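This briefing looks at the surroundings of a ligand, at the division of a protein into domains, and at one pair of helices. Please keep the sequence and the 3D structure in view while reading.

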Amino acid sequence: MEEGHPRVIVAGGSLGGLTAALHLRDAGCDVAVHERSRLPLEGRGAGIVLHPSSVRYLEADGTIRVEEVSTRADRLRYLNREGSVRHEEPCRYRFTSYYTLYQGLLGCLEPDRYHLGSAVVDFHPDADGVDVRLGDGSIEHADLLVFADGIHSTGRSTLLPEVKPRYAGYVGWRGTVLESDLDGEAFESLHQAIVYYVGPNTHVLTYPIPDFDGSVESGRRRINFVWYRNVAAGEEIDDLLTDRYGEKHDVSLGPGAVQEGYVASLFDAAESELPEAIAQTVVRSDAPFVQAVFDVEVPRMAFGRACLIGDAAFVIRPHAAAGTAKAAEDGYRLSEAVAASGGDVVRALERWEPGQLEVGRQVLERARDLGDRSQFLGTYRPPDPYLSFGLYRPGDSWMQESA
Ligand SMILES: Cc1cc2nc3c(=O)[nH]c(=O)nc-3n(C[C@H](O)[C@H](O)[C@H](O)COP(=O)(O)OP(=O)(O)OC[C@H]3O[C@@H](n4cnc5c(N)ncnc54)[C@H](O)[C@@H]3O)c2cc1C
């Protein structure tokens, strides 16, 4: 190792891996990212709720102006079943697409540091580093190995084989519709707001996101919905996650893959259970898709010269909208620790781990509580500031408007 310039391999080149790589590079590390996917990643056509941590790198670098690449909601609105407003209050949330963040971050990294079609398959620590075996059989040596390889992390299953994703008993149905495809009244009800409907053992929310071409002007955007519905473990969830070609998936099905019968029953349920404006976003959406909700909780994130970040460590239910922010924060804090320890990565990981474990645990617990209240306990009762999106605390996802 060159003194003070550790060589770092990052496994996984999505939002967590890219953010970690950029901060570590700027802290003086020699970084390489290995991403299993052969092609650049694409969003699944859904929105991401922004958090100041998710855009910290891009804003500081001057790569994006948040206002130009995101939409905003300044009203938080709860509807009654027949469509009238049950409660409304001001808010300052912003939303963007996965693709916008991914492309922005990727553009900040030198192309020769980002290796597509290159999975990390195995690793062996020794006295002065880690040998990392890649999918093509080659071996790279690193001082630090960062696993940012998501819910099915190779790093986690090797380092903590006893930790398994736990299905929460419900799924999030997601989809988007062009604002221009909504009736006037539905558009008025949804376009400047984050809008919720809370029903028995369910809740659904909508918010505006940029159109796929990046348009952020009102009327030319999309409305994104997320509808949480209970699906029993076992046969029921297994069948729902079997795509229309008969292939079984573990976590999610992308747009166009859900069996037609399930899409038809989703549309029927929307019409009979949801306020008209929200039902329209579901029924008129292009190709609704589904993600099963899981919890993953790790007792450790640092293992000598290897560590787990983002979804490789904690998978957080979506109710805190904090998954991307937490992944970004893990990477940022890691770079701070590496810089503070003068490039001694073992000491850096020791310094870094306690704080990140604490953030992960507290947000996991809160998101789990929110989900259980909504889906099973009947105690998800708006308005309540505790229900707000946030990473360190409810409500810290609010975005400041720049001058
Ligand atoms: C393609 C994609 C689209 C997404 N779209 C959305 C969205 O629209 N809305 C939303 O809210 N969230 C979305 N997410 C999830 C969200 O980005 C993450 O939950 C969050 O940002 C945490 O990111 P992460 O980097 O820790 O994990 P992930 O985003 O899950 O990334 C893990 C990455 O590691 C790669 N990988 C896995 N195993 C290996 C290995 N052995 N070697 C090398 N690479 C490996 C995977 O291909 C993946 O790119 C998406 C994730 C992905 C991968």
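In the classes used here, Ala, Val, Leu, Ile, Met, Phe, Trp, Tyr, Cys and Pro count as nonpolar, Asp, Glu, Lys and Arg as charged, and the others, Gly among them, as polar. The model discussed below is a predicted one.

**Around the ligand**
- The ligand is surrounded by 31 residues, and the closest of them are G12, S14, G16, G150 and G310.
- Two or more residues of this shell come from each of the elements α1 (15-26), β2 (30-35) and α10 (323-340).
- Sorted by class, the shell around the ligand holds twelve nonpolar, 13 polar and six charged residues.

**The two domains**
- The protein is divided into domain 1, which covers 7-62 + 99-165 + 296-372, and domain 2, which covers 69-94 + 167-294.
- The C-alpha centres of domain 1 and domain 2 are 29 Å apart, and the contact takes 14 residues from domain 1 and 19 residues from domain 2.
- On the side of domain 1 that touches domain 2, there are eight nonpolar, four polar and two charged residues.

**The helices α1 and α10**
- The axes of α1 and α10 come within 8 Å and cross at roughly 20°, and because angles under 35 degrees count as roughly parallel, α1 is roughly parallel to α10.
- The crossing of α1 and α10 is right-handed.
- Residues of α1, including L15, G16, T19 and H23, meet residues of α10, among them T324, A327, Y332 and V338.
- The residues of this contact of α1 with α10 divide into eight nonpolar, six polar and two charged.

Notes
Residues are numbered from 1 along each chain as its sequence is written. This is a predicted model: local features need pLDDT of at least 70, side-chain atom pairs count only at pLDDT 80 or more; totals for chains, interfaces and linings use all residues. A residue is near a molecule or strand if its C-beta atom, placed from the backbone, lies within 6 Å of it. Helices (H or I, at least four residues) and strands (E, at least two) are DSSP runs, numbered from the N terminus. Domain bounds come from an automatic or database domain assignment. Two residues are in contact if their C-beta atoms, placed from the backbone, lie within 7 Å. Axes are lines fitted to C-alpha atoms, for helices over the stretch in contact, and angles run from 0 to 180 degrees between N-to-C directions. Angles under 35 degrees count as roughly parallel, over 145 as roughly antiparallel, 65 to 115 as roughly perpendicular and the rest as oblique. A crossing is left-handed if the near helix is turned anticlockwise from the far one by less than a right angle, and right-handed if clockwise.
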